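Hi,

Here is the structure I promised to pass on. Have a look at it first, and my notes follow below.

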Amino acid sequence: MPRLSDTMERGTIARWLKHEGDTVVAGDVVAEIETDKATMEYQSDIEGVLLRILVGDGEIAELGAPIGLVGAADEDVSGFAPVNGTPPAAADGAVAPASAPASAIAAPAESAVEGIKASPVARRMAQDAGLDLRGLTGSGPDGRIVRIDIERAISGETPAAEPAAAPALAPPTAAAQAAPSAPSEAESFAPSTMLRAVASRMVASKTQVPHFYLEREIDMQAALAFRAELNAAWEGSGDKLSVNDLVVRACALALQEHPTFHRSWYGDRIVQHSSSHVGVAVALEEGLIVPVVRGADALSLRELSGVSRDLTQRARAGQLHQREIEGGTFTVSNLGMLDVTNFQAVINPPEPGILAVGAAVERPVVRAGEIVIRPVMSVSLSVDHRAASGADGARLLQTIVQLLEHPLGLIA
């Protein structure tokens, strides 16, 4: 199982794109793997034949555990069994033991000492902690003991199972006592790896990052007219400018103009960012992902629009690479297309801020002493108060508003 995310500890095989017996060339996409951040394509860095799949579609493997065997077409892999299946049949029809000698291409992902299923990581952690695996109940596929089971046993959250004749129950933890019970008619299910990661990051952000919020309203009449004019000029080219592209471009330029805002807090130091790497929040059915438009300040509007559209499409198709969701220095979260007029977004640490963008709604406003109808868009800037002051955030927001109300500045 490859590391496809900086916080990844295990992954789920979403689906294999290569099948047993297929030839694999370096660079081929062999599988789609669900990490804690996204479903990503896994490209092989070796060549040969996919001899055996050890972790099937929908199954989980710890980081570093073998998920498949690639080698010469005639190589004997009868000693390797799928993680969640029965040992493979040998050439003579007999069942090959999972403990048969391994070839040099990999080692079995699971060991089965005394009939106990446990991942290598869990087995090592249990040994280090002096835990008897026979006293634990696994939460992995087919009752396999995985890392989380060992962590719970060590913390006392999940007590080790005692012999059936004399069950012993530890008192519930404070967390367990406080957790509400689901209604009996409700359906419960385990959250996806991505949902768990999003939940963890949002809790960390709201509890560890001191947020403050600044709000403005933007007259979008000039910006919408500017967008319509460019799209008319690009008609037939396949390029199309969105309102969000204008917002991302405005943020990228504003970040360059206000370097005292464009920096991140890293515990005992502050990191000053040079290029504007703007994340674009994309909602998926299983969670949220933020692909990053790198160097957005150096891209033309047409280039930025193309990059953003490509990233969004591939995010929804589960085809992003790790490098495309890392390294953001600011994020734009736009719910205007869902008719949300205003909201406050949660910062994506260690970024210094995130801009929440609502829908442009026609409203009466006063211009030159007269009441006129204009499309007004509400935005809210969430700021990490450790990295930037209120004045820093206000000046950044002021420039964003200025650029969107006078959009010729976006092509400078």
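**What I found**

Helix H8 (residues 390-405) lies across E8, E15, E16 and strand E17 (370-384), at about 20° to E8. For the terms: contact means heavy atoms within 4.5 Å, and axes are lines fitted to C-alpha atoms, for helices over the stretch in contact, with angles from 0 to 180 degrees between N-to-C directions. Helices (H or I, at least four residues) and strands (E, at least two) are DSSP runs, numbered from the N terminus.

Before you dig in: this is a predicted model, where local features need pLDDT of at least 70 and side-chain atom pairs count only at pLDDT 80 or more, while totals for chains, interfaces and linings use all residues. Residues are numbered from 1 along each chain as its sequence is written, and side-chain values use heavy atoms, with hydrogens and water left out.

Now the sheet. It is open and mixed, with 6 strands in the order E8-E17-E16-E15-E11-E14. Two strands pair if DSSP finds at least two bridges between them. E8 (211-219) and E14 (292-293) are the edge strands with a single partner strand each, so one side of each has no neighbour in the sheet.

E15 (residues 330-334) and E16 (residues 353-367) run parallel, joined by 4 bridges. Val332 sits opposite Leu355 in E16, and Asn334 has Val357 in E16 as its bridge partner. E16 and E17, on the other hand, run antiparallel with 13 bridges. Arg367 is opposite Glu370 in E17. These two strands make a hairpin with 2 residues between them, and Ala368 in the turn has a positive phi of about 55°.

What does Ser333 touch? Ser333 belongs to strand E15 and is buried, with a relative accessible area of 13% (buried is under 20%, exposed over 50%, partly exposed in between, using a 1.4 Å probe and protein chains only). Leaving out residues up to four places away in sequence, Ser333 touches Ala281, Phe343, Ala345, Ile354, Leu355, Ala356 and Val357.

Last, a helix pair. The axes of H6 (residues 243-257) and H7 (residues 301-316) come within 10 Å and cross at roughly 115°. Asp245, Leu246, Val248 and Arg249 in H6 meet Leu301, Leu304, Ser305 and Ser308 in H7. By class, that contact has 4 nonpolar, 2 polar and 2 charged residues (Ala, Val, Leu, Ile, Met, Phe, Trp, Tyr, Cys and Pro count as nonpolar, Asp, Glu, Lys and Arg as charged, and the others, Gly among them, as polar).

Cheers
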